[in-house]
Amino acid sequence: MISVLILTRNEELDLPGCLASVAWSDDVHVFDSFSTDSTTDIARSSGAHLHQRAFDDYATHRNAALQIAFAHLWVLILDADERPTPGLCAEMQAAVEGASPQLSGFRLRRRDFLFGTWLRHAQISPFYIRLVRPQHSRYTRLVNEVIEVQGLIGELKEPLDHFPFSKGIAHWIAKHNVYSTMEARLIAQGGGLLRPSLLTALRDPDFHTRRLHQKALFYRLPARPLLKWLYMVIVRRSFLDGWAGMTYATLQAIYEYLIVLKTNELKKSSASQSTHL
């Protein structure tokens, strides 16, 4: 009853575990960005359907993946470092079996792990829409993409486990170095919401809408890296997650600082070019 979509790029380390966690599905698709390791061989040997497309940006790439001819009406969207727990697998199958036609997606709670510790307090965004009817779904925003679903959204209780540090700290930093560059370009070019609302950021019933407005407002604040670290440590109490929580808060603050530095650099470069024209 549920198809599975796994997005990959050089995921030979994580893909086997991801595929094993969705072995219950008879329609698994690996959407690959021309991996140079053994990712495609692993996908083929597992019996998954393999598709390949050159990556351009996150929203466009994921929207292309949603155009696949899936065997089932419902699709579970995963990254290779994610694992639906057995409880979630059972809950999802029961949920889609009794889903009304008005339902177009389900929101899941994701658990991020670092050093084997669940970042229960440090994790900023634990809720994600990942089980959808693809014909009613589309992604927006070029980086840190957001999925928009036309129709009602249900809630599932069982967790989706995520291991963002499975390839090591260096890989996480390299990945977020790329993210920060894309975020900085988006900000410098005036991307995102031009008129974010504080009321919407605080009270909108949809989590992703709140996050969109919160992010746009946050980008207007001074000393963002410090504010983010204080928010994670004091407000969200990441210290309760121990060394893993404090490490994650610090890494997130560094990521925010990279965005600030790169945005300022791009704005100065743009201003300099305008002066010489």
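**Exercise 1.** State which residues Phe-106 is in contact with, leaving aside its neighbours within four places in sequence.

*Solution.* Contact means heavy atoms within 4.5 Å. By this criterion, Phe-106 meets Trp-74, Ala-95, Val-96, Ala-99, Tyr-128, Ile-129, Arg-130, Leu-131, Ile-153, Gly-154, Glu-155 and Leu-156.

The model is predicted, so local features need pLDDT of at least 70 and side-chain atom pairs count only at pLDDT 80 or more, whereas totals for chains, interfaces and linings use all residues. Residues are numbered from 1 along each chain as its sequence is written, and side-chain values use heavy atoms, with hydrogens and water left out.

**Exercise 2.** Describe the largest nonpolar core.

*Solution.* A nonpolar core is a set of buried Ala, Val, Leu, Ile, Met, Phe, Trp, Tyr and Cys residues joined through side-chain atoms within 4.5 Å; buried means under 20% relative accessible area, with a 1.4 Å probe and protein chains only. The largest such core has 27 residues, and Ile-6, Leu-76, Phe-106 and Leu-131 have the most contacts inside it. Elements that each supply at least two residues include strand E1 (2-8), strand E6 (103-114) and helix H4 (86-97). H4 gives the most, with 4 residues. Helices (H or I, at least four residues) and strands (E, at least two) are DSSP runs, numbered from the N terminus.

**Exercise 3.** Is Ser-21 buried or exposed?

*Solution.* Ser-21 belongs to helix H1 (residues 15-21). Its relative accessibility is 14%, so Ser-21 counts as buried. Not counting residues up to four places away in sequence, Ser-21 touches Glu-82, Arg-83, Pro-84 and Cys-89.

Technical notes
Buried means under 20% relative accessible area, exposed over 50%, partly exposed in between (1.4 Å probe, protein chains only).
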